[in-house]
Amino acid sequence: ALTEQDFKNLPETGIDPDNSGKYQALLDDLQGNILKGHGRDYTVDIFVQWKSDDIPAVKEWIINFTKGYVTSAQLQADESRRYRDQKVSGSVFANFYLTRIGYETLGFEAFQIPKNQPFTMGMQYEGIRTSLGDPKVTDWEVGYQQKIHSLIAIADDDQDSLLKFANQITQELSKIATVLHQENGFILRNKDGQVIEHFGFVDGISQPLFIKRDIVKAQASDRNFSKWDPRAPLDLVLVKDPNGQTEDSYGSYLVYRKLEQNVKAFREDQQALAQALKIQNELAGAYVMGRFPDGTPVTISDVPMHPRNPPNNFNYDQDLTATKCPFHAHIRKTNPRGDSVRNSNVNLEEERGHRIARRAVSYGEKDLTNASTEGSGLLFLCFQADIENQFNFMQARWSNANNFVKVGVGPDPLIGSPQGTQHWPTEWSKSSTQDYNFKLWVKMKGGEYFFAPSISSLKNLP
Ligand code: HEM
């Protein structure tokens with residue numbers, strides 16, 4: 001079995017699924033998409049509530065679905081190697097998740113249910129809702145106002161066959177469950193083929209890395225990790241599955257949030273900000289996000305540099321007073337890269353312990369020339385070992401907080417709730433600032449906390 005040390009220290013070049021060694025059992029029993037995104041272009045998420053009058057039939061369905069479709073971390077890696085070597089497309093990718101209520105409905109005892117406070121309470125819980133700055137539950141989309149038991153998440157590169165498969169699942173489920181809600185997601189790309197979000201910025205650049213291929217690639221494109229090391233120990237995202245059937249059965253907590261983006265209003269506010277500061281529109285956007293749309297970090301440059309691979313080997317050591325990248329900028333709030341070490345009593349390891357593995361996809365409008373006001377946004381997903389210390393901490397204590405990383409910084413203008421006033425540089429790299437209240441154009445429409453059980457626990461439901 002893997003030891004505590006194996007979870008605290010990642011091998012120098014990460015885990016290599018082509019040569020798994022002692023990680024073999026872990027990768028075989030862990031669901032995919034956790035240590036590395038599945039990379040499929042289309043997703044369907046099906047939220048269900050099990051009918052409690054025939055739980056044996058429910059369990060049989062889950063067991064069969066797991067055996068037939070749920071993709072392990074090892075299979076994910078094997079399929080992507082086959083795709084690289086032989087251009088053979090992978091099969092449909094599937095995950096299966098449970099909420100705390102889902103576990104209870106299936107008859108699990110308290111000691112068998114993963115224990116993490118937010119997971120236990122649920123995202124609708126008043127104390128959590130207010131600390132995250134979320135709208136009242138009655139204002140969420142109806143599907144999310146229900147008590148969700150499970151999330152069945154499937155993904156494929158072929159949208160037609162994916163939607164057919166989703167219909168098949170929904171039909172199979174009709175006798176044993178109520179399908180509460182379905183989300184259809186997709187990967188948005190810019191004309192260079194890079195993954196972007198609806199406001200037009202390249203996304204998914206900075207991630208905690210665990211897998212050798214990802215680490216080698218990042219090392220090559222950034223030359224080295226001298227200023228920022230993206231590698232992360234397994235215990236950042238994995239926890240022991242109390243119901244696992246092997247010595248190395250692990251799972252992870254999933255935070256799922258539907259975040260609507262008002263693209264038109266965001267663009268107008270960005271333009272108004274640029275006018276107020278008398279700066280280029282693009283620079284104003286970079287002051288919101290911390291990067292230009294092409295991924296260039298604004299702490300490095302005041303103009304986009306059109307990098308083929310957006311740099312991630314940087315920190316804010318050359319920008320201690322935030323005259324280049326404001327403290328409030330989305331990526332500086334959500335990853336201070338040492339700021340919180342300088343400004344409070346935490347060490348870098350602790351700060352880095354708040355990181356999350358982001359696995360978001362877009363939904364809604366696919367045509368980028370239509371700046372939508374509603375109906376489009378991000379299906380924000382992230383994995384972690386401790387929701388309170390990771391996603392919730394990041395949203396509540398960093399993005400929402402007026403006083404992080406210093407008194408009066410203001411909220412993250414992209415996702416900080418409630419919205420507020422920030423200090424914006426009037427000239428890049430000079431200390432003069434001007435106040436501006438950038439409004440919150442991202443609206444939370446609903447969500448829930450889930451656990452991704454080990455595959456062996458799902459195949460052997462009691
Ligand atoms: C980075 C967009 C919500 C956490 C980024 C980046 C973009 C972006 C464009 C830069 C690309 C990168 O560095 O990977 C958005 C949009 C959101 C959203 C449009 C909502 C619609 C969130 C939320 C969180 C979050 C809710 C967590 C509370 C992060 C983190 C990074 C990031 C941790 C990486 C920062 C770094 O390591 O430098 N986001 N984001 N984002 N975002 Fe978001």
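**Backbone, packing and iron site of the predicted model**

K87 sits in the loop that links helix 4 (73-86) to strand 2 (93-98). Helices (H or I, at least four residues) and strands (E, at least two) are DSSP runs, numbered from the N terminus. The model is predicted, so local features need pLDDT of at least 70 and side-chain atom pairs count only at pLDDT 80 or more, while totals for chains, interfaces and linings use all residues. Residues are numbered from 1 along each chain as its sequence is written, and side-chain values use heavy atoms, with hydrogens and water left out.

K87 is not a glycine, yet its phi is positive, at about 55 degrees. K87 is exposed, at 59% relative accessibility. Buried means under 20% relative accessible area, exposed over 50%, and partly exposed in between (1.4 Å probe, protein chains only). K278 also has a positive phi of about 55 degrees without being a glycine. K278 lies in the loop between helix 11 and helix 12 and is exposed, with a relative accessible area of 75%. Most residues other than glycine have a negative phi, and most peptide bonds are trans. A cis peptide bond joins F404 and V405, with omega about 5 degrees. Another cis bond joins S417 and P418, with omega about 0 degrees. V405 lies in the loop between helix 16 and strand 12, and P418 lies in the loop between helix 16 and strand 12.

The domain assignment gives domain 1 (4-258 + 448-459) and domain 2 (263-355 + 394-442). Such bounds come from an automatic or database domain assignment. The contact takes 27 residues from domain 1 and 31 residues from domain 2, where contact means heavy atoms within 4.5 Å. Over C-alpha atoms, the two domain centres are 29 Å apart.

The largest nonpolar core holds 127 residues. A nonpolar core is a set of buried Ala, Val, Leu, Ile, Met, Phe, Trp, Tyr and Cys residues joined through side-chain atoms within 4.5 Å. W50, I152 and I154 touch the most other members. Domain 1 and domain 2 each supply at least three residues to this core.

Helix 11 (residues 263-277) and helix 12 (residues 281-289) have axes that come within 8 Å and cross at roughly 110 degrees. Helix 11 is therefore roughly perpendicular to helix 12. Axes are lines fitted to C-alpha atoms, for helices over the stretch in contact, and angles run from 0 to 180 degrees between N-to-C directions. Angles under 35 degrees count as roughly parallel, over 145 as roughly antiparallel, 65 to 115 as roughly perpendicular and the rest as oblique. Among the residues that meet are F266 and L273 in helix 11, and Y287 and V288 in helix 12. Seven of the nine residues in helix 12 are buried. Their cover includes helix 11, helix 13 and strand 12 (422-425). G290 follows helix 12 with a positive phi, near 95 degrees. Helix 16 (residues 391-399) is mostly covered too, with eight of its nine residues buried.

The ligand's iron atom has a single protein donor, H330 (NE2), 2.1 Å away. Donors are N, O and S atoms within 2.8 Å of the metal (3.2 Å for Na, K and Ca); water is not among the atoms, so sites may look incomplete. H330 lies in helix 13 (residues 330-334).
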